[in-house]
Amino acid sequence: MNPILNVSGLTKTYASGFQALKGVDLSIQAGEIFALLGPNGAGKTTLISIICGLVNPSGGSVTVDGHDIIRDFRKARALIGLVPQELTTDAFSTVWQTVSFSRGLFGKKADPGHIEHVLKSLSLWDKKDNRLITLSGGMKRRVLIAKALSHEPRILFLDEPTAGVDVSLRQDMWALVRSLRATGVTIILTTHYIEEAEEMADRVGVINKGEIILVQDKHTLMQTLGKKELTLMLDSPLQTIPEALAAFRLRQGDQPNELVYTYDSRQNDIAALLTAIDRCGLRLQDLQTHQSSLEDIFVRLIGSTS
């Protein structure tokens with residue numbers, strides 16, 4: 001099956017000499033949800049901006065359903081909807097006007113029924129006659145999503161869509177993403193939140209310093225990255241770990257009375273471990289759990305590829 005989006009050897013060097021992208025290769029299949037993860041400055045937004053025709057590449061190529069993003073810009077861009085990070089809207093237009101106008105920009109005939117469906121799916125219907133200047137930040141972000149969907153794109157980019165938004169919008173957004181995916185729309189999202197990638201994505205890509213360092217099926221990646229630690233604080237220092245606990249591969253913590261158990265989020269033997277500790281005559285003072293943050297994950301990933 002030919003990918004709906006194909007990025008080949010993509011590079012971008014700005015006038016300052018900064019190389020934002022370094023030979024990026026990436027293929028996205030129609031109908032999948034793809035999460036692009038990376039720290040600030042990794043190249044996520046530059047990559048999306050080039051694909052969407054907002055920034056010119058220095059080299060390489062991008063095709064959208066076979067249409068080159070430069071040579072056949074109009075056809076390629078018409079297939080893409082973009083929800084940017086920044087809240088950029090016409091402050092004095094109404095919600096209905098700005099979403100309808102966005103549809104017209106792509107040469108689509110007026111379709112009030114489609115606009116109504118989009119606004120209702122984003123809980124914006126009761127705000128359709130409100131001027132954008134009167135809306136909250138969360139509502140303005142909903143309008144950006146509505147604008148991106150106004151021309152019925154086949155690919156939807158969500159660039160950090162839930163950064164700084166309320167829980168209600170986040171839930172609405174993911175419900176909308178699932179419904180769009182069910183109709184065959186391809187979703188590409190960038191996020192700092194590993195739980196969003198785990199919840200929504202079919203595949204996950206990691207970008208750092210302008211290079212794609214990893215692309216994997218979500219389930220495989222989460223098994224690798226979704227590590228947790230259980231710190232067991234004993235009531236007295238421990239010189240050595242008892243042989244009876246060897247199967248749990250414990251390590252001693254920062255303090256002499258601490259044992260650390262590392263386990264996968266989907267599989268653990270915590271109950272058996274606690275039973276074994278009790279049988280060894282050890283007494284627990286406290287328990288603490290820690291899950292790797294996205295920063296921890298990137299440090300580990302980036303360190304392994306440097």
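**The largest pocket**

Select β6 (80-83), α3 (95-105) and α5 (137-149): each supplies at least two residues of the lining of the largest pocket. Helices (H or I, at least four residues) and strands (E, at least two) are DSSP runs, numbered from the N terminus. The model is a predicted one, in which local features need pLDDT of at least 70, side-chain atom pairs count only at pLDDT 80 or more, and totals for chains, interfaces and linings use all residues. Residues are numbered from 1 along each chain as its sequence is written, and side-chain values use heavy atoms, with hydrogens and water left out.

This pocket holds about 320 Å³ of space. Its lining has 14 residues, of which Arg77, Leu82, Ser102, Phe106 and Lys147 are the closest to the centre. On a 1 Å grid over the protein atoms alone, a pocket is an open set of points with protein on both sides within 12 Å along at least five of seven lines, a cavity is a set where a 1.4 Å probe fits but cannot get out, and lining residues have an atom within 4 Å of a point. Grid points are joined across faces, edges and corners, and a volume is the space filled by probe spheres set on the points.

Colour the lining by class: eight residues are nonpolar, four polar and two charged. Here Ala, Val, Leu, Ile, Met, Phe, Trp, Tyr, Cys and Pro count as nonpolar, Asp, Glu, Lys and Arg as charged, and the others, Gly among them, as polar.

**Strand β7 and its neighbours**

From β6, proceed to β7: the two strands run parallel and are joined by four bridges. Two strands pair if DSSP finds at least two bridges between them. Ile80 has Ile155 of β7 as its bridge partner. On another strand, β8 (residues 186-191), β7 pairs in the parallel sense over five bridges, and there Leu158 has Leu189 as its partner.

Now select residues 155-159, which form β7; five of the five are buried, so the strand is largely enclosed by the rest of the structure. Buried means under 20% relative accessible area, exposed over 50%, and partly exposed in between (1.4 Å probe, protein chains only). Ile155, Phe157 and Asp159 point one way from the strand, while Leu156 and Leu158 point the other way.

**The cavity**

β2 (19-28), β3 (33-37) and α1 (44-51) each supply at least two lining residues, with the largest share, three residues, from α1. By class the lining has ten nonpolar residues, no polar and no charged.

**The second largest pocket**

Select α4 (112-121) and α6 (167-182), each of which supplies at least two residues of the lining of the second largest pocket. About 190 Å³ of space lies there. The largest share of the lining, four residues, comes from α4. Among the lining residues are His114, His117, Glu152 and Thr183. Six are nonpolar, five polar and one charged.

**Helix α9**

Finish at α9 (residues 270-279), where Leu273, Ala276 and Ile277 are buried. These residues cover an arc of only 100 degrees around the axis, which puts them on the same side of α9. The arc is that of the directions from the helix axis to the C-beta atoms. The face turned away from the buried side carries the exposed residues Ala271 and Arg279. Just after the helix, Gly281 takes a positive phi of about 80 degrees.
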